[in-house]
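Hello,

Here is the structure I promised to hand over. Please open it and read my notes alongside.

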Amino acid sequence: MPAKKSSRWSRRLDRAAKLAAFTVRYGGWARYCPVCGRSFRKFEASGKIPRKDAQCPSCGALERHRLVWLYFQQRTDLLDGRPKQMLHVAAERCISNRLKPALGDGYLTADLVNPRAMVKMDITDIPYPDETFDVIYCSHVLEHIPDDRRALREFHRVLKREGWAILLVPISAEETFEDPTITDPAELLRIFGEDDHIRRYGPDYVDRLAEAGFSVKVTTPAEMFTAQERVRMGLTDDAGEIFFCTRS
Ligand SMILES: [Zn+2]
């Protein structure tokens with residue numbers, strides 16, 4: 001058999017074997033990922049201390065991504081087909097893959113370091129005029145930013161008056177705690193839970209949003225879904241809650 005043909009066959013066999021292995025491992029209906037719309041027997045574990053039922057084996061969505069996608073669909077006007085200018089900071093690929101085709105030219109991804117982002121952006125100094133965006137979505141970024149208050153003021157500045165923002169952080173303390181003198185990654189890991197986190201937020205995060213000028217509506221998965229639905233879509237406590245912000 002010519003070498004070209006044999007390598008094509010071997011690639012096909014390889015793909016078929018991978019598909020069979022995936023089906024054996026994940027095939028089933030007990031879990032549903034709303035981001036990619038596929039069903040599975042289980043989600044994958046994820047995290048340094050592995051969390052069960054965390055990651056979609058197909059699109060990679062985590063608990064919080066599934067929750068925010070459902071919130072976008074059910075509680076906002078994001079996907080109503082009308083043109084919008086949206087800023088998506090540190091875009092998660094699973095969400096971006098859905099938003100880009102839905103929003104077309106109005107969709108902008110931004111990141112300080114990731115070269116896949118459409119624009120390089122420091123969120124404490126956003127290079128856009130006041131009231132540029134209808135929607136801003138920024139998830140699990142502020143816990144890395146020394147001057148998070150300035151970033152929040154910038155989000156408020158570039159948001160249109162009738163716009164809204166979803167600004168998510170992990171809530172992992174009774175009260176927000178930070179200590180700029182801690183810079184050693186091992187110490188950051190020990191105290192803040194990740195070696196590049198510089199802060200733990202508490203429920204008083206809403207006060208910080210309010211200080212920047214936002215009105216905040218907090219929604220938990222339990223307010224949106226039954227216990228059975230939460231299990232099926234893997235909306236465990238690690239999904240967190242939604243902080244929906246408008247300009248007050
Ligand atoms: Zn998925």
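Strand β5 and strand β6 (residues 107-111) run parallel, joined by 4 bridges. Two strands count as paired if DSSP finds at least two bridges between them. Helices (H or I, at least four residues) and strands (E, at least two) are DSSP runs, numbered from the N terminus. From β5 the chain passes through helix α3 (residues 93-103) to β6, a right-handed β-α-β crossover. Right-handed means that, with the strands pointing away from the viewer, the path from the first strand over the helix to the second runs clockwise.

This is a predicted model: local features need pLDDT of at least 70, side-chain atom pairs count only at pLDDT 80 or more, and totals for chains, interfaces and linings use all residues. Residues are numbered from 1 along each chain as its sequence is written, and side-chain values use heavy atoms, without hydrogens and water.

β5 also pairs with strand β8 (residues 133-139), in the parallel sense, over 4 bridges. Val 89 has Ala 110 as its bridge partner in β6. In β8, Val 89 stands opposite Cys 138.

**The zinc site**

Which residues coordinate the zinc ion? They are Cys 33, Cys 36, Cys 56 and Cys 59, each through SG, at 2.3 Å. Donors are N, O and S atoms within 2.8 Å of the metal (3.2 Å for Na, K and Ca); water is not among the atoms, so sites may look incomplete. Along the chain, the donors are spaced C-x2-C-x19-C-x2-C.

Best wishes
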